[in-house]
Amino acid sequence: MNGGEGIFDVTPQITPLVAAAHELKAPLALVRQLALRLGDEGLSNAERQRLLRQTVLTSERALRLTSDLTKVARLDSALFQLEPINPDQLCRDVVSELQPLFQAYGRTVAVKGRRHPLLLVANRDLLRRILLGFSDNALHYSLPGTAVHLQIQALKKSGVVRVGVRDFGPALSSDMWRTLKKKLNTAPQAIHARPESSGLGLFIASQFADAMNGRIGAVRHKDGATFYVELQASNQLSFL
Amino acid sequence: MTRVLLVEDDAWLAEVEAGVLTGAGFEVQVAPHAPAAIDLVDSFQPEVIVLDVLLAGSTAFALLNELQSYSDTAMVPIILCTNIADQFDAAKLKEYGVNRVVDKTTMHPDDLIAAVRSVV
């Protein structure tokens, strides 16, 4: 036997619509279970409040995905303003937005600071969405008690700035890593390749990166992974 | 008290499911990923394993392969708890030692309890 191949009796054709439906199953199933648990009469008030908080935060994760999908559908017809952006400040905004979710899951999220400021050319909203998506993914794969780091790195030779999200968790198996690398620049893949993830999040991130003339990538570590987006460095760097 | 190992990488879902099973009188330990599950199989010696399909870093099938390769764990009943229950080939699942499949998207707490009781 192997890693599960042949165990599925259907190999569905994955369109973005099917992938979206699939990706929304997990948060919706969780919301349903939390709601069923809330119906338990023996719960303390504190427990009930905690379950309500988890329900709200899980709903917000699902809503972020639906919002990103809407944005992807409109990418062709929309004009996105590209402007010099300070990635450090944007990362700090993303961290502030995600702090309650990470705290509720017993993880932390932080920006790994740089001594020298950088500017890159991007659309603020699209870059923010990419980083939120990568961070959400990191939350799922990081271990309790660990920190997720948003990192900024200048690749001077190629004139780009790399903004990455590093998680600390179990190393990805070689099979899963190969599958994941294939997903980085392709449309959502057949579900059987990675049963509970169609690669939709990566597809969305790559579409947003394309719209900003950038690209996404990933680095595998012994204790986790980094997902990153590379964007052109701003010429205004020299004025800082 | 029947010992149940719950392998689930979503902490909140694991909490809910563990609460349901504990409330029904089972002794429950939770593993968030495959290596932790292997450790707990040794130390906790579960009588039933409830397993999510995708685990951080690997899939349930890699873990199932490992469990099937040891004589003392190959006989432990496995319940697969998944969002994609409708996509599995039941006959193939048996080859992996899976006794029952529970659909997370429609599951009621009583279904999980009944599934565990049915394999003990």
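Author: First, a term. Helices (H or I, at least four residues) and strands (E, at least two) are DSSP runs, numbered from the N terminus. This is a predicted model: local features need pLDDT of at least 70, side-chain atom pairs count only at pLDDT 80 or more, and totals for chains, interfaces and linings use all residues. Residues are numbered from 1 along each chain as its sequence is written, while chains are lettered from A and ligands numbered from 1 in the order in which they are written.

Reader: What pattern does chain B follow along the sequence?

Author: Chain B holds 6 helices and 7 strands. Read along the sequence, they give β-α-β-α-β-β-β-α-α-β-α-β-α.

Reader: What is the radius of gyration of chain B?

Author: The radius is taken over C-alpha atoms, and the globule rule is 2.2 Å times the number of residues to the power 0.38. The C-alpha trace of chain B spans about 35 × 30 × 25 Å along its principal axes. For 120 residues, a compact globule would have a radius near 14 Å, and chain B agrees with its 13 Å.

Reader: Which residue is the bridge partner of B:Leu6 in S2(B)?

Author: Strand S1 (residues 3-7) of chain B pairs with S2(B) in the parallel sense, over 5 bridges. In S2(B), the partner of B:Leu6 is B:Val30.

Reader: In chain A, what is the strand order of the open sheet?

Author: The sheet has 5 strands, and its pairing is mixed. Strands S2 (108-112) and S6 (215-221) of chain A are at the edges, each pairing on one side only. The order is S2-S4-S5-S7-S6 (chain A).

Reader: Which residue is the bridge partner of A:Asp167 in S7(A)?

Author: Strands S5 (residues 160-168) and S7 (residues 224-232) of chain A run antiparallel, joined by 9 bridges. The partner of A:Asp167 is A:Ala225.

Reader: Are H2(A) and H4(A) oblique or parallel to each other?

Author: Axes are lines fitted to C-alpha atoms, for helices over the stretch in contact, and angles run from 0 to 180 degrees between N-to-C directions. Angles under 35 degrees count as roughly parallel, over 145 as roughly antiparallel, 65 to 115 as roughly perpendicular and the rest as oblique. H2 (residues 45-73) and H4 (residues 124-141) of chain A pack at about 140°, with axes 11 Å apart. H2(A) and H4(A) are therefore oblique.

Reader: How do the residues of the contact of H2(A) with H4(A) divide?

Author: Contact means C-beta atoms, placed from the backbone, within 7 Å. A:Arg61, A:Arg64, A:Asp68 and A:Lys71 in H2(A) meet A:Arg129, A:Leu132, A:Gly133 and A:Asp136 in H4(A). Ala, Val, Leu, Ile, Met, Phe, Trp, Tyr, Cys and Pro count as nonpolar, Asp, Glu, Lys and Arg as charged, and the others, Gly among them, as polar. The division is 1 nonpolar, 1 polar and 6 charged.

Reader: How do the residues of the contact of H2(A) with H3(A) divide?

Author: H2(A) and H3(A) pack at about 130°, with axes 11 Å apart. A:Arg53, A:Gln54 and A:Leu57 of H2(A) make the contact with A:Pro100, A:Leu101 and A:Ala104 of H3(A). These divide into 4 nonpolar, 1 polar and 1 charged.

Definitions and conventions:
Contact = placed C-beta atoms within 7 Å. Pairing = 2+ DSSP bridges.
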